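Here is a short report for a reader new to this structure. Please look over the sequence and the model first.

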Amino acid sequence: MDQRDRLLAEKLVNYCVSVKPGDKVWLQTSDDVATPLMVELIKAVYKAGGIPFVRVEVATIQRSLLMECTKEQMELKFKNDFDLLREMDCSIVIRDFKNASELSDVPDEKIKIQSMASLEMRRYRVDNMRWVLLRYPSPSIAQLAGMSEEKYADFLYRVCTMDYQTMSDNMDALVKRMEAADQVHILGEGTDLRFSIKGIPAIKCDGKMNIPDGEVYTAPVRDSVNGYVTFNIPSLYQSKTFENIRLEFKDGKIIKATCNYEKELNDILDTDEGSRYLGEFSFGCNPLITEATNDGSIDEKLAGSIHLTPGDSYENAPNGNHSAIHWDLVLSQTPEYGGGEIWFDGELIRKDGLFVPEDLKPLNP
């Protein structure tokens, strides 16, 4: 048993979701990749006085289930899951898999059925529970990141167990500036985008919800987005790796979308009325994440990056947009990715991936 699994489990249980005596804790994983961590999580939950409930899904079985699924079938499935989840106080979900492309040939309409059926349950978890999501080192994810298994595991354990309290303290200045700002202007290669964030809260993510963590998010005023943006970090979504996604906006709505999977991209953006509007704008600012890993849950925290999110907005930073999707698309503005600038109300906030104002410089890697 890797000693790092025990230390990570203790951080997840005691810091991230703060399990208290009597708490019922939902523990979820897929395949059997993260079994060592799951064993340590169960021990840590019991040690904290909590009661663990374990949910394990196998991707190959999930694929077979989805291939010919029906709307009624998925609604009943998630109703049963939701009934149990509502009894829980905390949720720890491990995103692990043996094959990152296992669901790549599931028909898009079947993926949409699952997404719509699980929407209420996903919203409930975010809005009503103490929760955390994380990746777990596996050969499949290491391969996606272009790293050896050893290097990827060292990287992931390091960023998952870092000093999140110091990073949290450094984020306060960015929260203050975002909540005081109105107009945002983003410039870079293939990007000239403007929108307002006036009146919408800014939320710091400092290890209490996602691990690894490190972002400060808000949401654009729904109809204020105009211009275009090109995302230079690949995005693995629904078992496909989307590259060079370019979105063009008019009065908040995505009116044109291109990439290497253009049909699939537009099918996703046509999921519902809200999927062509943005639900989130965020700064990635984890000083230990300096390389893209082809994993959106990590790359959205990339130092020197931002991400914009077609789809659902969060209840604690609402802009009125609702959707079954929430897809974080990442733009790095470091020099190796072509640089770029972000302005708040005419003031330069970040240039080429580095914060410019003195109060924000502690967030630079």
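Which residues does Ile-306 touch, not counting residues up to four places away in sequence? The answer comes under the second heading.

## About the model

This is a predicted model: local features need pLDDT of at least 70, side-chain atom pairs count only at pLDDT 80 or more, and totals for chains, interfaces and linings use all residues. Residues are numbered from 1 along each chain as its sequence is written, and side-chain values use heavy atoms, with hydrogens and water left out.

Helices (H or I, at least four residues) and strands (E, at least two) are DSSP runs, numbered from the N terminus.

## Ile-306 and its contacts

Ile-306 sits in strand E16, residues 305-310. Contact means heavy atoms within 4.5 Å. By that rule, Ile-306 touches Ile-186, Phe-281, Ser-282, Phe-283, Gly-284, Leu-329, Val-330, Leu-331, Ile-342 and Arg-350, not counting residues up to four places away in sequence.

Ile-306 is buried, with a relative accessible area of 0%. Buried means under 20% relative accessible area, exposed over 50%, and partly exposed in between (1.4 Å probe, protein chains only). Ile-306 and Asp-127 are 179 residues apart in sequence. Their C-alpha atoms are 23 Å apart in space.

## Leu-41 in helix H2

Leu-41 belongs to helix H2, residues 35-47. Is Leu-41 buried or exposed? Leu-41 is buried, and its relative accessible area is 0%.

Leu-41 touches Ala-9, Leu-12, Val-13, Leu-27, Ile-92 and Ile-94, leaving aside residues up to four places away in sequence. Leu-27 is 14 residues from Leu-41 along the chain. The C-alpha atoms of this pair are separated by 8.1 Å.

## Helices H4 and H5

Helix H4 covers residues 71-85, and helix H5 covers residues 108-128. They pack at an angle of about 15°, with their axes 8 Å apart. H4 is therefore roughly parallel to H5. Axes are lines fitted to C-alpha atoms, for helices over the stretch in contact, and angles run from 0 to 180 degrees between N-to-C directions. Angles under 35 degrees count as roughly parallel, over 145 as roughly antiparallel, 65 to 115 as roughly perpendicular, and the rest as oblique.

The crossing of H4 and H5 is right-handed. A crossing is right-handed if the near helix is turned clockwise from the far one by less than a right angle, and left-handed if anticlockwise. On the H4 side, Lys-71, Met-74, Glu-75, Phe-78, Asp-81, Phe-82 and Leu-85 take part. They meet Ile-113, Gln-114, Ala-117, Ser-118, Glu-120, Met-121, Tyr-124 and Arg-125 in H5. By class, this contact of H4 with H5 has eight nonpolar, two polar and five charged residues. Ala, Val, Leu, Ile, Met, Phe, Trp, Tyr, Cys and Pro count as nonpolar; Asp, Glu, Lys and Arg count as charged; the others, Gly among them, count as polar.

## Helices H1 and H7

Helix H1 (residues 3-16) and helix H7 (residues 149-160) form another pair. Their axes come within 10 Å and cross at roughly 30°. So H1 is roughly parallel to H7. H1 passes H7 in a left-handed crossing.

Arg-4, Asp-5, Leu-8 and Lys-11 in H1 meet Ala-153, Asp-154, Tyr-157 and Cys-160 in H7. The residues of this contact of H1 with H7 divide into four nonpolar, no polar and four charged.

## Cysteines

How many disulfides does a search of the whole structure find? The search finds zero. A disulfide is a pair of cysteine sulfur atoms within 2.5 Å. The closest cysteine sulfur to that of Cys-160 is in Cys-16, 8.5 Å away, which is too far for a bond.

Cys-160 is buried, at 1% relative accessibility. Cys-69 is buried too, with a relative accessible area of 1%.

## Loops

The peptide bond from Ile-211 to Pro-212 is cis, with omega near -5°. Pro-212 is in the loop between strand E8 (210-211) and strand E9 (215-218).

Asn-294 has phi near 65°, a positive value in a residue other than glycine. Asn-294 lies in the loop between strand E15 (278-284) and helix H10 (296-299). Its relative accessible area is 13%, so Asn-294 is buried. Asp-345 has a positive phi, near 50°. Asp-345 is in the loop between strand E18 (341-344) and strand E19 (347-351). At 44% relative accessibility, Asp-345 is partly exposed.
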